[in-house]
Amino acid sequence: MADTPTPMMQQYLALKQEAGDALLFYRMGDFFELFFDDARVASRVLDIALTTRGEHGGQPVPMCGVPVHSAEGYLARLIKGGCRVAIAEQTETPDEARERAKREGSPVSKALVARDIVRLVTAGTLTEEALLEPRRANLLVAIAPVRDALGLACCDISTGRMELEECTADALDAALARLGASEVVAPDDWDEAFPDIIARPRADFRSEAGEARLKDIHSVATLDGLGSFTRPMLAAAAGLIAYLDHAGRGTLPFLLPPVARGSGAHLAMDAATRMSLEILEAQGGGRAGSLIACVDRCATGAGARQLAEDLSAPLADRNAIEQRLAGVHYFHADPLLRADLRAILRQAPDIGRALGRLVAGRGSPRDLGQIRDGLSEARRIRDILASGTDLPTLLSRMIDALGGHAALVDHLARALVPSPPTERGQGGFIASGYDHSLDALREISGNARKAIAALEAKYREETDTASLKVKHNKVLGYFIEVPAKHGDKLMAADSGFTHRQTMAGAVRFNSLGLHEEATRIAEAGAHALAAEDGHFEELVGEVVAAREAIAATAAALARIDVCSALAERAVEGDWARPEMLDEPCLEINGGRHPVVEQALAKTGDRFVVNDCTLGPDDRLWLIGGPNMGGKSTFLRQNAIIMLLAQAGSFVPAASARIGLADRLFSRVGASDNLARGRSTFMVEMVETAAILSQATEKSFVILDEVGRGTSTYDGMALAWAVVEAVHENLQCRCLFATHYHELSRLADTCDALSLHHVRAREWKGDLVLLHELAKGAADRSYGLSVAKLAGVPPPVIKRAKAVLDKLEKGREKTGGLAAGLGELPLFAASAQAEEKDRDALRDALHALDIDALSPRDALDKLYELKATAGETKA
């Protein structure tokens with residue numbers, strides 16, 4: 001006969017089934033407990049002890065737990081470990097459970113406190129300050145496939161920001177790479193779903209439901225006033241809101257009106273490009289060594305998050321870029337103003353995230369204090385900016401968003417103490433003088449405590465017991481305690497004391513006077529806490545009513561922080577304001593790689609600057625030279641300069657004229673992708689294929705060592721063909737670094753291609769890398785010299801030189817590796833010829849009526865076609 005689970009275990013198993021694949025935090029008193037496999041997973045991730053509790057199915061039940069008061073820290077570790085957590089709280093008190101048992105006719109002694117899942121904690125639905133990174137947005141993304149398009153909805157529920165966009169299937173990877181979502185949800189029947197995606201019912205992703213939910217949330221009759229949203233966008237919004245509803249157990253977080261993102265509004269970059277340029281994260285992982293770590297001088301977490309978004313999605317609209325640059329220039333030109341504003345911003349709390357917690361019902365008195373202080377600092381910044389002259393358009397718009405909160409700030413200032421606590425349950429956050437009845441309750445409570453102290457002194461005197469004390473604990477409340485040897489005095493029937501408890505060395509009593517004072521304290525304290533709680537709800541209601549205006553202020557503060565921080569970085573690094581143009585050019589004078597320059601500065605070394613001038617007649621540079629000579633750095637620095645410029649930042653150069661690009665591609669460096677079973681060469685070819693199929697005339701492409709992962713002949717043939725394709729078909733701006741000297745012959749046939757190399761010299765047998773770019777083809781590769789620098793043993797170097805001499809003699813006799821390539825037609829011509837040959841055979845085959853042919857006729861026709869193919873080939 002199978003074991004019958006206890007009522008508690010039955011309740012747990014029912015809640016666990018509801019939680020699904022999420023770990024269940026089951027509230028038991030002051031602990032969240034986990035059982036079975038959940039306990040095994042949590043103990044491993046959290047490195048806490050795994051114990052057992054009772055039996056189930058004849059086996060001990062694995063168990064572990066975490067204290068409720070410190071649960072946030074454990075939740076953060078579980079979320080980082082890739083877990084999702086369902087929180088099951090007690091929804092009634094033990095007294096309420098006993099009353100319910102009486103009504104139901106159940107044994108009161110076995111009454112089980114009711115519990116329910118109140119929230120699902122996932123990577124994309126975090127709002128708690130302790131669980132979020134201050135300088136990084138936390139995005140949840142929903143994908144909705146609708147016919148041939150994909151709708152994307154993303155939101156950061158910690159601030160309420162929500163964006164909707166539509167893209168094609170081949171642009172999805174780039175869009176997701178740009179967003180960097182913490183969590184992605186999609187329909188459970190989507191065939192293109194990838195690992196780690198959260199599958200949700202297809203019924204959640206209906207566009208009409210998305211439209212209805214958005215209208216309801218924002219109390220509008222039509223969405224026309226919010227923007228133009230396509231059906232795929234609305235379907236994604238429906239899926240996103242349904243998931244948030246599911247995670248919040250019927251309570252939605254703070255959501256601002258959605259913003260429609262246009263597909264061509266930003267500089268497009270795929271995941272490989274972002275990884276190559278190390279925009280938000282270094283290739284080794286982490287923020288250190290990334291572009292944003294080098295650029296970020298923001299004074300606030302909100303500003304750092306805005307900067308990260310700007311670098312992830314640079315603009316493609318010249319007017320919008322110029323507005324950002326004008327904002328940076330304004331602070332760049334006025335160091336005193338910049339210093340004053342940055343000092344104020346450092347004091348400003350993160351009101352965007354505080355607002356998100358308050359609207360979601362997870363706020364605290366401290367969050368109200370942050371709203372008060374943040375809006376107050378915003379008003380100071382507004383006054384400073386408003387007193388200036390010739391304010392740029394962008395900053396003028398920010399002034400309008402910074403004001404309008406005087407009444408709310410004044411109310412919060414009167415209501416709250418200067419430093420409100422993080423917990424509301426203990427009270428103490430409403431200021432004295434705000435509520436006279438609350439002050440009276442506090443005075444009663446304070447006087448009662450004085451009365452208890454007076455009672456203690458009185459009882460000591462009456463009983464002649466100097467060691468008598470009045471104490472308090474959660475079980476007995478207030479009580480009188482005397483050492484055991486004095487207990488008999490108070491035990492007397494006429495003593496006025498009532499015996500409560502006998503301890504090993506003490507005896508505890510009560511008295512009518514103590515009971516009355518204790519009751520006064522409890523009642524006054526309870527009434528005071530209730531009054532403070534009521535004021536808290538009232539203040540939160542005021543903040544929630546002004547949520548959109550407060551969110552606009554938070555966004556304005558973040559934008560001002562970014563402008564002033566970029567100005568600070570420009571002054572610090574002697575960066576220049578770029579001149580943005582619509583023509584396809586890239587003219588950079590004295591360009592530098594900011595991350596490499598910063599690393600060199602720490603060791604006292606100087607970065608060698610280089611120029612780059614690409615234009616319609618010289619749009620493709622073929623760059624040779626030795627390894628470690630600086631080719632990859634040169635390629636990346638120009639891509640980063642373009643990215644920074646289109647993000648609205650000054651750039652690390654003496655001057656720069658930059659023609660807007662629609663897409664940025666970087667194929668610099670690759671590694672084996674073991675998870676997808678791809679070799680380095682395969683990764684390289686996939687990335688190269690993406691460039692050749694997606695780049696346009698307005699794109700900027702950097703390519704490094706294409707073809708190096710395969711045989712010499714295959715590699716050079718591929719590199720040759722790729723250079724021709726970029727030159728003839730794409731006709732975009734491109735920097736192409738290579739070790740294949742033979743490619744220099746392409747300069748004879750490609751009009752817009754020029755040859756360049758990084759300079760190196762040998763001095764007394766040692767290689768000196770100059771890191772300077774010069775015109776013309778590289779005279780040699782210096783491969784053996786670089787190997788010597790790397791510490792390859794001298795005998796190996798000597799043997800390699802002997803082999804190299806033999807190979808070079810052979811190359812001289814045969815005409816070299818690229819012998820005869822000069823006679824090949826250009827890429828476009830050869831492709832056209834192949835297409836023409838293939839079309840001739842295809843036309844002959846299409847003309848055949850196969851059903852009308854006899855076996856003999858079919859054989860003759862086959863010989864005829866073979867002869868035609870031979871002539872074509874010849």
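Student: Which helix does Leu862 lie in?
Tutor: Keep in mind that this model is predicted. The helix in question spans residues 855-873. Leu862 therefore lies in helix α28.

Student: Is Leu862 buried or exposed?
Tutor: Exposed means over 50% relative accessible area. Leu862 has 55%, so Leu862 is exposed.

Student: Which residues make the nonpolar surface patch of about 340 Å²?
Tutor: Leu862 is one of them.

Student: Which residues touch the most other members of the largest nonpolar core?
Tutor: That core has 103 residues. Its largest share, twelve residues, comes from helix α20 (residues 547-573). The residues touching the most other members are Phe331, Ile371, Phe700 and Leu735.

Student: How many residues apart are Arg569 and Glu572, and what does that make their separation along helix α20?
Tutor: Their side chains meet in a salt bridge at 3.6 Å, N to O. Arg569 is buried at 5% relative accessible area, whereas Glu572 is partly exposed at 48%. They are three residues apart in helix α20, so the separation is about one helical turn.

Student: Where do Glu183 and Arg84 sit, and how many residues apart are they?
Tutor: Their side chains form a salt bridge at 3.8 Å, N to O. Both residues are buried. Glu183 is in strand β10, and Arg84 is in the loop between α3 and β5. The pair links distant parts of the chain, 99 residues apart.

Student: How many salt bridges does the structure hold?
Tutor: The pairs Arg569 with Glu572 and Glu183 with Arg84 are among them. The structure holds 54.

How values were computed:
Residues are numbered from 1 along each chain as its sequence is written. This is a predicted model: local features need pLDDT of at least 70, side-chain atom pairs count only at pLDDT 80 or more; totals for chains, interfaces and linings use all residues. Side-chain values use heavy atoms; hydrogens and water are left out. Patches are made of residues with over 30% relative accessible area and no salt bridge: like charges are joined within 9 Å, nonpolar side chains (Val, Leu, Ile, Met, Phe, Trp, Tyr) within 5 Å. Accessible areas come from the Shrake-Rupley method with a 1.4 Å probe; for residues, only the protein chains shown count as cover. A salt bridge is a side-chain nitrogen of Lys or Arg within 4 Å of a carboxyl oxygen of Asp or Glu. Helices (H or I, at least four residues) and strands (E, at least two) are DSSP runs, numbered from the N terminus. Buried means under 20% relative accessible area, exposed over 50%, partly exposed in between (1.4 Å probe, protein chains only). A nonpolar core is a set of buried Ala, Val, Leu, Ile, Met, Phe, Trp, Tyr and Cys residues joined through side-chain atoms within 4.5 Å.
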